[in-house]
Amino acid sequence: MTKQMNLGGSFTLPGTKMTLNRVGYGAMQLAGPEVWGPPRNVDGAIAVLREAVAAGVNHIDTSDFYGPHVTNQIIKQALYPYPDGLVIVTKVGARRGQDKSWLHALSRQELIDAVHDNLRNLGLDRLDVVNLRVGEMMEPSAGSIEAPLTVLAELKRQGLIRHLGLSNVSPEQLAEAQTITEIVCVQNLYNLAHRNDDGLIHDLAGQGIPYVPFFPLGGFSPLQSAALDAVAASLRSTPMQVALAWLLQRSPNILLIPGTSSVKHLRQNLDAATLHLPSEIIADLDSIGGD
Ligand SMILES: NC(=O)c1ccc[n+]([C@@H]2O[C@H](COP(=O)([O-])OP(=O)(O)OC[C@H]3O[C@@H](n4cnc5c(N)ncnc54)[C@H](OP(=O)(O)O)[C@@H]3O)[C@@H](O)[C@H]2O)c1
């Protein structure tokens with residue numbers, strides 16, 4: 001039996017009873033190559049999910065456009081009926097083209113269909129948290145998000161969604177969103193090498209709202225840096241563990257969703273919660289911040 005681990009403490013989503021351990025799991029890597037179709041090893045994907053939950057992970061980030069549909073179906077196959085306290089956070093606002101491209105899907109009907117796709121493929125009557133994903137692949141774009149968020153707020157009132165979050169948003173879009181509905185989390189690109197959101201993280205911490213960095217390890221091309229390698233060697237850890245420990249120490253409202261298709265990497269990522277980075281090491285890592 002896998003031992004339940006210390007996962008960096010926990011954080012309660014504002015206005016909810018959902019208390020998430022700070023190290024969670026991002027499920028995007030469970031689909032096939034380029035997040036398309038089934039994985040090469042379905043049993044391996046199921047093993048990763050079961051190991052994560054057995055170790056105490058109670059926050060899984062997903063979307064029905066991973067695969068498409070495949071990742072959610074694997075989550076259901078691995079974990080349904082879901083254990084008490086497991087929070088599955090999904091996102092809507094994008095779709096995949098036949099050429100595997102990532103396209104916006106922000107019309108009223110596309111959003112309604114996406115919520116129903118998530119409900120069906122995850123086997124749920126109500127989604128715990130739905131992030132409205134706007135912006136470009138890697139960064140926010142300017143403009144109002146009132147129209148799509150109003151659709152999701154309606155679905156929340158209908159009981160299909162418990163709570164709403166945002167992804168790929170600017171501080172201005174967050175402020176606009178908070179005049180429409182309560183926002184319980186924000187998910188943007190942030191890691192050792194991409195630190196554009198320092199100010200937003202601080203503001204969210206002041207409001208008691210978690211910030212969930214996507215690509216915490218650098219995404220499809222994981223972080224590579226001589227400084228990071230040197231720090232990892234000095235701490236007898238791996239570069240990826242240092243990258244995750246840095247995020248945990250960066251601000252108490254940061255929740256992690258590192259993605260992996262490997263049980264070995266999953267265990268390393270969960271172990272990062274026990275790695276303490278002294279202040280001089282954090283200063284060394286500042287040389288990596290590229291933004
Ligand atoms: N809102 C958005 O627009 C958005 C965009 C992208 C992602 N996301 C979410 O964010 C989550 C995390 O992002 P991500 O998975 O794309 O990127 P990531 O967590 O930054 O990195 C994943 C990559 O790192 C590798 N990796 C993971 N653990 C490792 C370890 N211990 N040692 C060495 N390599 C390791 C993985 O390969 P292996 O499989 O070989 O371990 C994979 O190539 C996703 O699962 C998804 O839920 C959201």
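Here are legends for a few close-up views of this structure.

What you see is a predicted model, where local features need pLDDT of at least 70, side-chain atom pairs count only at pLDDT 80 or more, and totals for chains, interfaces and linings use all residues. Residues are numbered from 1 along each chain as its sequence is written, and side-chain values use heavy atoms, with hydrogens and water left out.

**View 1. An open sheet of 6 strands.** The strands line up as E3-E4-E5-E8-E9-E10, with parallel pairing. At the edges sit E3 (25-26) and E10 (183-187), each pairing on one side only. Strands here are DSSP runs (E, at least two residues) and helices are too (H or I, at least four), numbered from the N terminus; two strands pair if DSSP finds at least two bridges between them.

**View 2. Strands E8 and E9 side by side.** E8 covers residues 127-133 and E9 residues 161-167, and the two pair in the parallel sense over 6 bridges. Look for Leu132, which stands opposite Leu166 in E9.

**View 3. Asp61 in strand E4.** This strand takes in residues 59-61. Asp61 counts as buried because its relative accessible area is 3% (buried means under 20%, exposed over 50%, partly exposed in between, using a 1.4 Å probe and protein chains only). Leaving aside neighbours within four places in sequence, Asp61 has contacts including Tyr25, Lys91, Asn131 and Gln187 (contact means heavy atoms within 4.5 Å).

**View 4. Arg195 in a loop.** You'll find Arg195 between E10 and helix H6 (198-207). Arg195 is buried too, at 13% relative accessible area. Its side chain reaches the backbone oxygen of Leu192 at 2.7 Å.

Note on methods:
Polar contact = N/O pair within 3.5 Å; in protein donor to acceptor, adjacent residues only side chain to side chain.
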